[in-house]
Amino acid sequence: MAGYTKNQKKYQTENKLTDRLRKNIVLDYITTFVTNLNMQSSIWVLYLAYCGLNLAQIGLVEGIYHATSIVFEIPSGAVADLIGRKKSMILSKICIAVSCVIMLFSRSFWLFALGFAIQSLGNNLNSGSEEALVFDSMKYAGQEGQYMRVCGRLNMIVELSQGIATVAGGILAEFSYFWCYSACVVIAALALVPVLWMTEAPCTDAKSGSKSVREVVSVHFETCFEILRSERRILNIIVYYSTVFAAQTVLFFYSQQYFYELGYNKVGISLIMLVVGGVSCAGAVTSERFFARFGTEIGGIGALVIAASFLAYGFHNTIVSVAALAAANFFNSVLYPVQSEQLNCLIPSGQRATLISVNSMFFSIAMILVFPLAGALADVCGLTTVLVGIGVGLAVFTAAWNKEVEK
């Protein structure tokens, strides 16, 4: 009888933990929505230009952001795996709030660089942690088969939230950049609340035994790099999608300046971004269907559409450019869950946050190579010429890479 009671209590405890882990999904929906209400994403290029920075300096600031990401991305993933994903996410939200405060009061290049660096650290602490916490919560609850659907919903929430932030940011920035960034500080603080209610997911295949922290970190990294060395599929997925996503990010952010040069004010640009965000929502929702229909081939199809979108900017036509940006964002939203699904199916739970951070690191490397160079060349050759050139380069890269993979 005593054994039965003990087993019953264990069963009840496991059920309670499973219920709490399922709630992590809803809580992550909430924190994702609040986090992406951060309005600076839609106006930061215009804000830095307003503060006196040219496109080369703006590109360099973004490069510093991604250089910081390279330095801290993998260590932050290891921190998440070792101290817990929830604690890492809490630190992330604090860093984002601090960076918004710095951006609010900065007026020099180096202070902006500091703000971007701290924001990068905050995003590093969150990137692998959030995804790993959600996936492992679903894995423990026996729901990992629904992960792509959840990932698609998260991307839809991101696009919806960013759409709201885009319009609100444009209106506030037209009135006052000060109030826009003040709102960003408040939003960053509010995003912390749902995280505090989350439950840490058990990591079933990570065993540290009685080893010291230093030994655990050493073994942890050795295991991660051994996985990358032995499982070429993981490395191929990371390199390919990092390049495609970096190119699309350049298109999205420099579109702020592109439409400004076409004669649109901040409110007009925000409305354009709202339309684009709405189309992105559709991409996030339909990602699972595209993957079911085309499988991994959707990676090549989506990349070529994004490349064609760059080329469309050469027409200097608002309707064509908006349609092109919408198409690029649509397939960008389609591809994110596809890449996430492919990676998470190959990555062991114990190294999940770290290897996801490795993925983010490769993205940062691509951004460091492309974003500052694009800004510097745009000051000399013109923004449109540079965007068209990137489109040609992306098309060639996509065709060559997919041909090599097929061999």
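1. Helices here are DSSP runs of H or I with at least four residues, strands are runs of E with at least two, and both are numbered from the N terminus. Counted that way, the protein has 15 helices and 0 strands.

2. A quick word on the source: this is a predicted model, in which local features need pLDDT of at least 70, side-chain atom pairs count only at pLDDT 80 or more, and totals for chains, interfaces and linings use all residues. Residues are numbered from 1 along each chain as its sequence is written, and side-chain values use heavy atoms, with hydrogens and water left out.

3. On the overall picture, 53% of the 407 residues are buried (under 20% relative accessible area, with exposed meaning over 50% and partly exposed in between, using a 1.4 Å probe and protein chains only). Take the contacts (heavy atoms within 4.5 Å) between residues at least 6 apart in sequence: 87% of them join residues at least 24 apart.

4. Now for helix pairs. Two packed helices are described by the angle between their axes and the distance between the axes. The axes are lines fitted to C-alpha atoms, for helices over the stretch in contact, and angles run from 0 to 180 degrees between N-to-C directions. Have a look at H6 (residues 147-175) and H7 (residues 177-190): they pack at about 140°, with axes 5 Å apart. That makes the pair oblique (under 35 degrees is roughly parallel, over 145 roughly antiparallel, 65 to 115 roughly perpendicular, and the rest oblique). H6 brings Gly169, Leu172, Ala173 and Phe175 to the contact, and H7 brings Tyr177, Trp179, Cys180 and Ala183. By class, that is 7 nonpolar, 1 polar and no charged (Ala, Val, Leu, Ile, Met, Phe, Trp, Tyr, Cys and Pro are nonpolar; Asp, Glu, Lys and Arg are charged; the others, Gly among them, are polar).

5. H10 (residues 232-261) and H11 (residues 266-294) also pack at about 140°, with axes 10 Å apart, so they are oblique to each other. On the H10 side, Phe252, Ser255, Gln256, Phe259 and Tyr260 meet Ile269, Ile272 and Met273 of H11. This contact has 6 nonpolar, 2 polar and no charged residues.

6. Which cysteine sulfur is closest to that of Cys184? It belongs to Cys180, but at 4.9 Å the two are too far apart for a bond. A disulfide calls for a pair of cysteine sulfur atoms within 2.5 Å, and the structure holds 0 of them. Cys184 is buried at 0% relative accessibility, and Cys51 counts as buried too, at 17%.
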